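Subject: Handing over the two-chain model

Hi,

Here is the structure I promised to pass on. Have a look at it first, and then read my notes below.

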Amino acid sequence: MLTLTQQLTNLMGAFTLTFFLQAAWNTLALAMMGCSIGLVMGFLIACVRRTRTRLLLPLRALLIVLVELMRRIPFLVTLFLTMFTLQGVGVDLSFFTIALIAVCLISTAYLAEIFRTGFESVPQAQIEAAQTLNFSQSQLIFLVMLPQAWKVVLPPAFSFMVSFIKDTALASQLGVVELTFAGKILITRGYSSFLIYGLILLVYFAMSYPLSRLGARLERRLGQPTAKPSASFQPPAALTAERLS
Amino acid sequence: MHYTFQFGEILKHWPDLLSGALVSLLVAFIAFWLGCLIGLAGALAQQHASIWLRRLVRGYVVFFTNTPSLIQIFVLFYGLPDVGIVLSPMTAVLIGLSLNAGAYLTDIMRSGLVSVKKAELEAAATLNMSAWQSFRYVTLPHLAKTIYPLLSNFFIWIVLGSSIGGLFGVNELAGQAIEISSTSMRSIEAFTVTAGIYVVLTFIASAFLYAVGYWGFRVRARFI
């Protein structure tokens with residue numbers, strides 16, 4: 001076994017550095033793409049959920065059930081289930097795509113819930129006023145509800161996205177070459193696992209900490225949300241340090 | 001797609017799945033209470049301790065909330081043997097989850113401590129209560145009531161989070177699912193059933209926590 005200094009100098013070589021950077025990029029891409037898609041889908045689901053027509057009742061019921069289910073299944077199980085189902089169906093997808101689909105499913109469910117809480121924070125009188133003024137449904141959402149719900153939505157949405165950078169570590173179990181998997185490969189190449197996992201912890205920290213600081217700052221600037229936080233189940237990311245300080 | 005579902009193959013293993021579910025709950029329960037102790041100590045330290053201890057606690061919280069719990073346990077389980085400390089899978093998972101939970105719970109507890117009004121503490125001091133008495137009879141009831149919804153959310157989150165124990169060979173629900181799927185080759189069914197059990201498990205836990213909150217702490221929160 002090499003000594004610690006030898007290992008460190010080897011690690012600083014061009015090959016391992018690019019390997020590490022590539023892996024870190026995969027982690028970021030997984031989290032960012034998953035959350036962007038989740039943001040859009042979650043917004044759409046929240047919009048459908050606040051409609052009242054009888055026509056959409058089955059769709060609403062289905063969405064509620066799906067969102068509730070997805071939020072009660074661990075990410076690890078979702079990952080495995082997505083992988084085996086997709087492979088069972090016979091679609092040939094890369095591990096990265098499979099992991100991305102699983103990430104999208106989970107983030108859609110959580111962000112739909114965050115958006116719903118935000119929409120509920122808008123006073124009913126505002127909505128009635130908009131209806132009296134003959135606003136269309138999209139005008140109501142984009143001109144009245146979204147600007148007010150934003151304050152309530154943004155902080156938990158932000159900390160949720162930050163928490164997703166960490167959760168993608170589980171995708172290494174499928175074989176997606178992201179940071180955690182890169183670490184495993186380096187360990188099989190003979191580096192000390194203490195050193196490598198310690199380094200990886202630092203890299204995750206370096207990615208997640210600036211973002212969570214940014215989220216905390218955003219929240220302070222937006223001021224205290226007017227609505228009470230939803231007591232229904234949300235990830236603890238919605239209640240991190242910065243939020244409470 | 002030519003795939004015949006055979007859920008019978010999985011349901012045969014129901015004793016394993018049931019014991020797995022119980023182990024999951026147990027792991028979550030232990031990690032939650034250890035985390036609560038760490039959290040309470042951390043929150044009290046942040047309010048009353050010296051500046052260095054406060055900084056230390058702050059560093060602990062920031063570090064553990066910004067890194068994945070999976071890698072934290074990796075360091076404990078695969079990293080520590082390099083330094084000569086060998087932990088069993090269960091111990092490593094429990095320590096990792098507790099430390100991780102402790103970091104989040106420090107913040108939750110602190111938000112509760114902040115919500116206790118200064119006037120009430122002064123009133124307690126006027127009544128000549130000791131520090132312990134004012135903590136026990138003034139601070140703690142406030143704390144329990146304000147942070148109860150957050151704590152029950154957190155417990156559910158730990159039940160889900162304990163699933164990573166399966167990757168280290170702890171026989172909890174996800175671990176059992178991985179084992180059953182690799183022995184029976186019925187992966188889709190195994191993980192579908194497991195997902196179903198997790199849903200039922202967390203629903204029961206939510207309902208129970210809701211009832212305790214409603215009758216015990218007068219917390220009227222949304223259930224779903």
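Residues are numbered from 1 along each chain as its sequence is written, and chains are lettered from A and ligands numbered from 1 in the order in which they are written.

**Confidence**

The scores for the model are ipTM 0.85 and pTM 0.84. As for pLDDT (the predictor's confidence in each residue, from 0 to 100), chain A averages 83, with 90% of the residues at 70 or above. Chain B averages 86, and 96% of its residues score at least 70.

I use helix and strand for DSSP runs (helices are H or I with at least four residues, strands are E with at least two), numbered from the N terminus. Within chain A, α5(A) has the highest confidence, at a mean of 91, and α10(A) the lowest, at 37. The pLDDT is below 50 over residues 225-232 of chain A, a stretch that has 15 contacts in the model beyond near neighbours in sequence. A contact here means that the C-beta atoms of two residues, placed from the backbone, lie within 7 Å. Residues 237-245 of chain A also stay under 50, and the model has 29 contacts for them beyond four places in sequence. Where pLDDT is low, the predicted coordinates should not be read in detail.

In chain B, the mean pLDDT is lowest in helix α1 (residues 7-11), at 77, and highest in helix α3 (residues 51-65), at 92.

**Chain B overall**

Chain B has nine helices and zero strands. Its C-alpha trace spans about 75 × 50 × 25 Å along the principal axes. Of its 224 residues, 48% are buried. I call a residue buried if 20 or more other C-beta atoms lie within 10 Å of its own, exposed if 12 or fewer, and partly exposed in between, with C-beta atoms placed from the backbone. Among contacts in chain B between residues at least 6 apart in sequence, 75% join residues at least 24 apart.

**Where the chains meet**

How many residues of chain A are in contact with chain B? There are 42 of them, and they touch 48 residues of chain B. On the chain A side, α3 (57-70), α4 (75-89), α9 (193-222) and α10 (241-244) each supply at least two residues. The most come from α9(A), with 11 residues. That side of chain A divides into 25 nonpolar, 14 polar and three charged residues. For those classes, Ala, Val, Leu, Ile, Met, Phe, Trp, Tyr, Cys and Pro count as nonpolar, Asp, Glu, Lys and Arg as charged, and the others, Gly among them, as polar.

Helix α4 (residues 69-79) of chain B is worth a look too: 11 of its 11 residues are buried. What covers them includes α8 (179-188) and α9 of chain A, together with α5 (89-114) and α7 of chain B.

Beyond four places in sequence, B:F155 is in contact with B:A28, B:F32, B:A205 and B:L209.

In helix α2 (residues 14-49) of chain A you'll find A:I45. A:I45 counts as buried because 23 other C-beta atoms lie within 10 Å. Leaving out residues up to four places away, A:I45 touches A:L63, A:V67, A:T108 and A:A112. A:I45 and A:A112 are 67 residues apart in sequence but 5.9 Å apart in space, C-alpha to C-alpha.

α7(A) bends by about 50° at A:L146, with a proline, A:P147, following within four residues. The bend at a residue is the angle between axes fitted to the seven residues ending there and the seven starting there.

B:M185 has a positive phi of about 60° although it is not a glycine. B:M185 sits in the loop between α8 (173-184) and α9 (187-216) of chain B, and is exposed, with 10 other C-beta atoms within 10 Å.

Happy browsing!

Terms used:
Predicted model: local features only at pLDDT ≥ 70, side-chain atom pairs only at ≥ 80, totals over all residues.
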